[in-house]
There are 2 protein chains.
Amino acid sequence: MTEVVKNVEAAVKAAAAREAVTDMFFVACGGSNALLMSGHYAVEREAEKIASFSYSSAEFLARAPKRLGKGSVVILCSHSGNTPETVAAAKYAREAGALTIAFTNLENSPLDQAAEATILYQYNPLAVSEDHAAPMLMRLVFGILAAREGNGKLGKVETALAGMGKTIEAVIARHKPSIAAWAESSKREPVIYTMGSGANWGSAYSFAICILQEMQWVHSAAIHAGEYFHGPFEVTDFDVPFIILKGLGNARKMDERALAFAEKYSKRLLVLDAAEFGLEALAGDAAEYLTPMLFTALLRAYAVALADSRGHPLTVRRYMWRMEY
Amino acid sequence: MTEVVKNVEAAVKAAAAREAVTDMFFVACGGSNALLMSGHYAVEREAEKIASFSYSSAEFLARAPKRLGKGSVVILCSHSGNTPETVAAAKYAREAGALTIAFTNLENSPLDQAAEATILYQYNPLAVSEDHAAPMLMRLVFGILAAREGNGKLGKVETALAGMGKTIEAVIARHKPSIAAWAESSKREPVIYTMGSGANWGSAYSFAICILQEMQWVHSAAIHAGEYFHGPFEVTDFDVPFIILKGLGNARKMDERALAFAEKYSKRLLVLDAAEFGLEALAGDAAEYLTPMLFTALLRAYAVALADSRGHPLTVRRYMWRMEY
């Protein structure tokens, strides 16, 4: 058992030991917020009684939910462990009596110190391994659901997680020609939209805000596939690029409907389909929860190639790391 | 008492008569979804016990929350009363035992027929009056909170709503020069971002997806002010236009922080500030809940002028009303 799995088990044990768990809050900023959305989604789909909420950290603090208290588990994430709003949110939640569980890459960081339990993950955005944050989040969430409500999917999730590393390697290898073609053909696009729904909303959102806007200075928005027909679809045209994520489970129908329309009117679609991941064989009816980590890693491979084609490394920033804000 | 106020009172009575109300769900598509977000926000800020959730209709159906049941109040909205996903959501929720309350402009529409209670509102996007949806939503939400939890803000909200019509007239009149200048200077912009947080997230979202993307075919995204520093701010540059909504209450700090940064690096900001609405005098600590209806109407005045400057009427569509999808 790796150290990080031990961290997760300790956090699950802490949640199991609470007198009651009525609420789970997923609280972080930017890419970490997007990551936690996959945990929020799983709780919303699976929990019988526990209510789940997802917030950007500053919004969580401003909203100051009155339900927050001893019955709450608050899951936070900051890669550096230094995001001030997220550290403040951990302190606020802990003072309110909630169990606070932090994901961070940095031991002894302010977030590590502020939270009651810490899951200290490793990081490689082009891979999925059992010491990464996204798989550990699934283990945590299904562990808590098992302990608090007798949810039975944890075993399937654990078994499937063991196969994710090889799965993503094979998927990225298969996409190599598509990655190269998309990066070259997209390098002069001023706007690229992403689209997704259900479990994959966070993956679509993080690619829009963290990769395209932040790391490439390309205009973008994540469009929810279910909202597409109620406004956003009117921007669709032959030369407007979309990245469309087709998920699994109930939400897939939404993605398919949006795709069927978009492919009639745009010639610039990149379609990534979770059906090709082969997850149903690994995880059965828990498969949909495992798609976001694979989409996020696969999309990163597209991002690396795009950055190369554009001569704009993913590490370049004009504001972040250069000034106080 | 107008007919629509009677509708609201009947809906509040139905909610008061339920054995329990543990959950409120706000379910709609596009602009109606954005509208309902202001109700969701008020419940999240004010409710002691009731859990609140906000979904696009198709996502609600796909997510199929297990908490949905006899303890749920599901508030839906469709202007035409014909949005298939929203009608399906009303039927689904009603079958699950929830109290369904529909906002619609069309009597006897499928949504009116599907829901247990209907609030039949009037519509004028450039005004705010007591038979419009947004004020009636506040009356409904604070009425339910009063009936179920003894929340004391309903009186203040009702008093303040009576003054909204004159308030928005005066605000729009004051903005006339700014509206004309912004519309002319923005008419060739290929991308315009909106930004907001807290109660006004829905207003920022609807301007991005319903006005700019849908009615003007201008690329856009709503950026959450709390998320701005965690990705999106890197697209800021001297020539990148943002519309920034400064709200009231706790969330205002987030908006101010984002604005302070954006105004250093962009020369293309339109800042709309709820502080100038004079709402605190009318509504005291309920003021923040009344800002979205004013922002949405004020933004509509900007949209009308932009459409005129661009020679692209707000009623023009390339897909909607022209084909099945």
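A salt bridge here is a side-chain nitrogen of Lys or Arg within 4 Å of a carboxyl oxygen of Asp or Glu. All views show a predicted model.

**View 1. Glu158(A) and Arg139(A) meet in a salt bridge.** The side chains come to 3.1 Å, N to O. Glu158(A) belongs to helix α7 of chain A, and Arg139(A) to helix α6 of chain A. The two parts are 19 residues apart in sequence, so the pair ties them together. Over all chains, the structure holds 38 salt bridges.

**View 2. Chain A carries a span annotated as SIS.** In the UniProt record, an unreviewed entry, the annotation "domain: SIS" covers residues 8-156 of chain A. This span is 48% helix and 19% strand. Its end C-alpha atoms lie 17 Å apart.

**View 3. Chain A is assigned two parts, domain 1 and domain 2.** Domain 1 runs over 3-158 and domain 2 over 163-310. Taken over C-alpha atoms, the centres of the two domains are separated by 25 Å. To their contact, domain 1 of chain A gives 21 residues and domain 2 of chain A gives 27 residues.

**View 4. Domain 1 and domain 2 of chain A bury about 1,900 Å² between them.** Carbon and sulfur atoms account for 70% of this area. Which three residues supply more than any others of the area that domain 1 of chain A buries against domain 2 of chain A? They are Tyr41(A), Leu126(A) and Val128(A), with 33%.

View 5. The interface of domain 1 and domain 2 of chain A has two salt bridges. Asp285(A) and Lys156(A) also form a salt bridge, with their closest N and O atoms 2.5 Å apart. On the side of domain 1 of chain A that touches domain 2 of chain A, α2, α6 (133-149) and α7 (154-162) of chain A each supply at least two residues. The largest share of that side, nine residues, comes from α2(A). By class, the side has 14 nonpolar, three polar and four charged residues.

View 6. The area buried between the chains is about 5,600 Å². Carbon and sulfur atoms give 50% of that area.

**View 7. Glu44(A) and Arg63(B) form a salt bridge.** Their side chains meet at 2.7 Å, N to O. How many salt bridges are there between chain A and chain B? The count is eight. Polar contacts between chain A and chain B number 50 residue pairs, both residues at pLDDT 80 or more.

Methods:
Residues are numbered from 1 along each chain as its sequence is written. Chains are lettered from A and ligands numbered from 1 in the order in which they are written. Side-chain values use heavy atoms; hydrogens and water are left out. UniProt positions are given in the numbering used here, feature names are shortened, and annotations may be inferred rather than shown by experiment. Helices (H or I, at least four residues) and strands (E, at least two) are DSSP runs, numbered from the N terminus. Buried area is the accessible area (1.4 Å probe) that two parts lose on being put together, summed over both. A polar contact is a pair of N or O atoms within 3.5 Å; within protein, one must be able to donate a hydrogen and the other to accept it, and residues adjacent in sequence count only if both atoms are side-chain atoms. Domain bounds come from an automatic or database domain assignment. Contact means heavy atoms within 4.5 Å. Ala, Val, Leu, Ile, Met, Phe, Trp, Tyr, Cys and Pro count as nonpolar, Asp, Glu, Lys and Arg as charged, and the others, Gly among them, as polar.
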